[in-house]
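The following exercises are to be worked from the sequence and the coordinates. Each task is followed by a solution in steps.

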Amino acid sequence: ILLNLFGYPIYDLIYVSVKRVLNGKSPLAGGTDHTSHVYSKLFDSDFKSLNIIGFANIIYYSISLYINVFEINLLLNFLLIIIFYIFLSILTFYQNK
């Protein structure tokens, strides 16, 4: 459950840190390369960005809760996490092109 709750902030931290290191920048430096900033540029609105991130998280948490309640499989829950964050990475990648 904690991984589900803190999944998006952890994903964002890892994504931005790796991206900065690969570009030769300090991972501790501030910047506007966080996913929320990228989505704000993509959708031309902070409000739309917030709604899309929130809606995606609600869908993700709902599916994850369903999996946990019915004890389907921990591996399936982990795969859901991976698929969700791959989708976010692809969306962010195409925005940066």
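A residue is called buried when its relative accessible area is under 20%, exposed when that value is over 50%, and partly exposed in between. The exercises apply these limits to a predicted model.

**Exercise 1.** Determine the secondary structure of the chain and the order of its elements.

*Solution.* Step 1: the chain contains four helices and zero strands. Step 2: read from the N terminus, the order of elements is α-α-α-α. Step 3: of the 97 residues, 29% count as buried. Step 4: among contacts with a separation of 6 or more, 52% join residues 24 or more positions apart.

**Exercise 2.** Find the salt bridge of the structure and classify both partners as buried or exposed.

*Solution.* Step 1: a search of the whole structure returns one salt bridge. Step 2: the partners are arginine 20 and aspartate 33, whose closest N and O atoms are 2.7 Å apart. Step 3: arginine 20 belongs to helix H1, while aspartate 33 sits in the loop between H1 and helix H2 (35-43), so the pair ties together parts that are 13 residues apart in sequence. Step 4: the relative accessible area of aspartate 33 is 17%, so this residue is buried. Step 5: arginine 20 has a relative accessible area of 5% and is therefore buried.

**Exercise 3.** Describe the largest nonpolar core and state which elements give two or more residues to it.

*Solution.* Step 1: this core has 13 residues, and those touching the most other members are Tyr8, Tyr11, Tyr39, Tyr60, Phe84, Tyr85 and Leu88. Step 2: two or more residues come from each of helix H1 (2-22), helix H3 (46-69) and helix H4 (74-96). Step 3: H4 supplies the largest share, namely five residues. Step 4: take leucine 88 and set aside its neighbours within four places in sequence; the contacts of leucine 88 are then with Tyr8, Tyr11 and Tyr39.

Note on methods: Residues are numbered from 1 along each chain as its sequence is written. This is a predicted model: local features need pLDDT of at least 70, side-chain atom pairs count only at pLDDT 80 or more; totals for chains, interfaces and linings use all residues. Side-chain values use heavy atoms; hydrogens and water are left out. A nonpolar core is a set of buried Ala, Val, Leu, Ile, Met, Phe, Trp, Tyr and Cys residues joined through side-chain atoms within 4.5 Å. Buried means under 20% relative accessible area, exposed over 50%, partly exposed in between (1.4 Å probe, protein chains only). Contact means heavy atoms within 4.5 Å. A salt bridge is a side-chain nitrogen of Lys or Arg within 4 Å of a carboxyl oxygen of Asp or Glu.
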